[in-house]
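The sequence and structure are shown first.

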Amino acid sequence: MKNIKNISVKTILILGGMVVGLQSCSDDNLSNQQTLVEDIKLDLSQFQKADAGVMMQAFYWDVEPRGGWYDEVSTKIEDWAVSGINRIWLPAPGKGASGEFSMGYDPSDYFDLGEFNQQGTIETRFGSRAELESLIQKSHDNNIEVIADIVMGHNSGGGLQYNPYRDAEVYSLFNEENGNASGKFNRNFEHFHPNPISESDEEALFFAETDLSHAVPYVQEWLWGRDDSVAEFYKSLGFDGWRFDYVKSFAPKWVKAWNDKVGGFSVGENFDGNEQVLKDWVDASGSPAFDFACFYRLDETLDRANDLTALGNTDNMLRKLDPANAVTFTANHDTEKDENPDNRIRYANKLLAYSYILTHDGYPTIFYLDYENESFKDQLKKLITIYNTIAAGDIEIIEANETEYIMKRNGSGDNPGLILYMNISNRTQQREVDSNWINKTIIDYTDNSAATPITSAEGKVTIQAPGRSFSVWSIAKE
């Protein structure tokens, strides 16, 4: 190994093909510097965190091939496991009213996972029950849990019947002849709102005429209470947890009741950018929630304001209020198909957003199309490794201004922690910071910078990040 303590000041300031503020650098020198960085990288696996793991959203809107999605996902499992994924989130598995075109968000028969000929198809859009069970088993063999999407707010695809509470014809009849060939959890107008027990559940109804009334004991029993309920059936298939869809349409106590009965990891989709709304729902349901507040802060700072200052605020995300119950993300099936640019993070800023959620606390989610994008995959793999290892310890914000965001994780015990440097200016920037490392060579574990600065006896060091990019710094080998 080269003697890294003898590296010159000019050498340690190399970034890309430039020596910042000093002199230009030849391609040979850059290649040598990059080789040096590889030589002195630590094996980060020695710092594997006890709570290591990242969730993969294993689908996108209108997945293809129809009928073959479970088999397609199966081909990815080994790679995801090696990369550090510990859970996959699958779409709602039951037969939907749209048949082979359904993404699962129009549930008709919760117990038909691709076995019954109804709604114009036997298989679901994703495949057969046998293919689903095979995928679950392969995931478990690779130490990956499988999360089912649970759509229990509304139903679709039933038969037409007169509803006296609405004095109207409503598609609320679900039986063997009308969208529920399994014969389990047959429903009629008594099981939807309004009814003698409850006028409505919550205010944000998706399909008001077929909004399930969870206050009705029959509905509770079939969804989670019985030994052969929807929840118990999915658990028997090997599902390890639940993603609750559109939780604004029903009370959080019903999520708590489901989880109290069957257990497992859970996360709620409370589509709201207000961090306190999310925290109140978490407190009431006892379940983690997707951190839409974090998502919108990243969208605002990176895409709209083009100003990172707000990332330095102390309380504008769920992960800042309750990191243990915040599931962070930068994209999902809804945001990616939304035509409103204020509801999605631009392609050019995706990796910057991932650098944030994969270095901070909270439980990160990777979107399938982002990970499987060859332009992103290498960087995402590095960031997942960083999250699972050295993204440890208390968070200290060093700088948050228009173009820079610098954050330190203080590590714990033998874990050295890290420093994240986000730079949204169009040029390389550098800044002297106070680190926790004394007389140590540090390197960028994302390989966006080839610099190898040395911290002082007081822990001070000058770090840098390329324009419109980021770097993640930690100690090198001695």
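In what kind of interaction do the side chains of glutamate 275 and arginine 297 meet? The model under discussion is a predicted one, and in it these two side chains form a salt bridge with an N to O distance of 3.8 Å. Glutamate 275 belongs to helix α9 (residues 275-285) and arginine 297 to helix α10, so the pair ties together parts that are 22 residues apart in sequence. Arginine 297 counts as buried, at 12% relative accessibility.

**Salt bridges**

The structure holds 39 salt bridges. Three of them are set out below.

| Pair | N to O distance |
|---|---|
| Lysine 41 and aspartate 447 | 2.9 Å |
| Arginine 125 and glutamate 64 | 3.3 Å |
| Glutamate 275 and arginine 297 | 3.8 Å |

Lysine 41 and aspartate 447 form a salt bridge that links distant parts of the chain, 406 residues apart. Lysine 41 is located in the loop between α2 (27-39) and β3 (54-57), whereas aspartate 447 is located in the loop between β19 (442-444) and β20 (460-465). With a relative accessible area of 18%, lysine 41 is buried because the cut-off for that class is under 20%. Aspartate 447, at 29% relative accessibility, is partly exposed. Both residues also belong to a network of salt bridges with shared partners, which joins Glu38, Lys41, Asp378, Lys382 and Asp447.

The side chains of arginine 125 and glutamate 64 likewise meet in a salt bridge. Arginine 125 lies in the loop between β6 (107-109) and α5 (129-141), and glutamate 64 lies in the loop between β3 and α3 (69-74); the pair therefore ties together parts that are 61 residues apart in sequence. Arginine 125 is buried, with a relative accessible area of 4%, while glutamate 64 is partly exposed at 39% relative accessibility.

**Nonpolar core**

The largest nonpolar core comprises 129 residues, and Trp80, Ile88 and Trp258 have the most contacts inside it. Helix α10 (residues 292-304) supplies the largest share of this core, seven residues. Helix α10 is also the element that holds arginine 297.

Which residues are in contact with isoleucine 88, leaving aside its neighbours within four places in sequence? The contacts of isoleucine 88 include Met56, Ala58, Val73, Ile77 and Trp80. Leu135, Ser139, Ile144, Glu145, Val146 and Ile147 are also in contact with isoleucine 88.

**Sheet and covering helix**

Five strands form an open sheet with antiparallel pairing, in the order β15-β16-β17-β21-β19. β15 (395-400) and β19 stand at the edges; each has a single partner strand, so one side of each is left without a neighbour in the sheet. On average, neighbouring strands of this sheet are turned by 20° against each other, direction ignored.

Within the sheet, strand β17 (residues 418-423) and strand β21 (residues 469-475) run antiparallel and are joined by five bridges. Tyrosine 421 stands opposite serine 471 in β21.

Helix α13 lies across β16 (404-409), β17 and β21, and runs at about 155° to β17. Is α13 (residues 350-357) mostly covered or mostly open? Helix α13 is mostly covered, with eight of its eight residues buried. These buried residues are Lys350, Leu351, Leu352, Ala353, Tyr354, Ser355, Tyr356 and Ile357.

Technical notes:
Residues numbered from 1 in each chain as written. Predicted model: local features only at pLDDT ≥ 70, side-chain atom pairs only at ≥ 80, totals over all residues. Heavy atoms only, no water. Core = buried A, V, L, I, M, F, W, Y, C linked by side-chain atoms within 4.5 Å. Buried < 20%, exposed > 50% of the residue type's maximum accessible area, 1.4 Å probe, protein only. Helix = DSSP H or I, 4+ residues; strand = E, 2+ residues; numbered from the N terminus. Contact = heavy atoms within 4.5 Å. Salt bridge = Lys/Arg side-chain N within 4 Å of Asp/Glu carboxyl O. Pairing = 2+ DSSP bridges. Axes fitted to C-alpha atoms, helices over the stretch in contact; angles between N-to-C directions.
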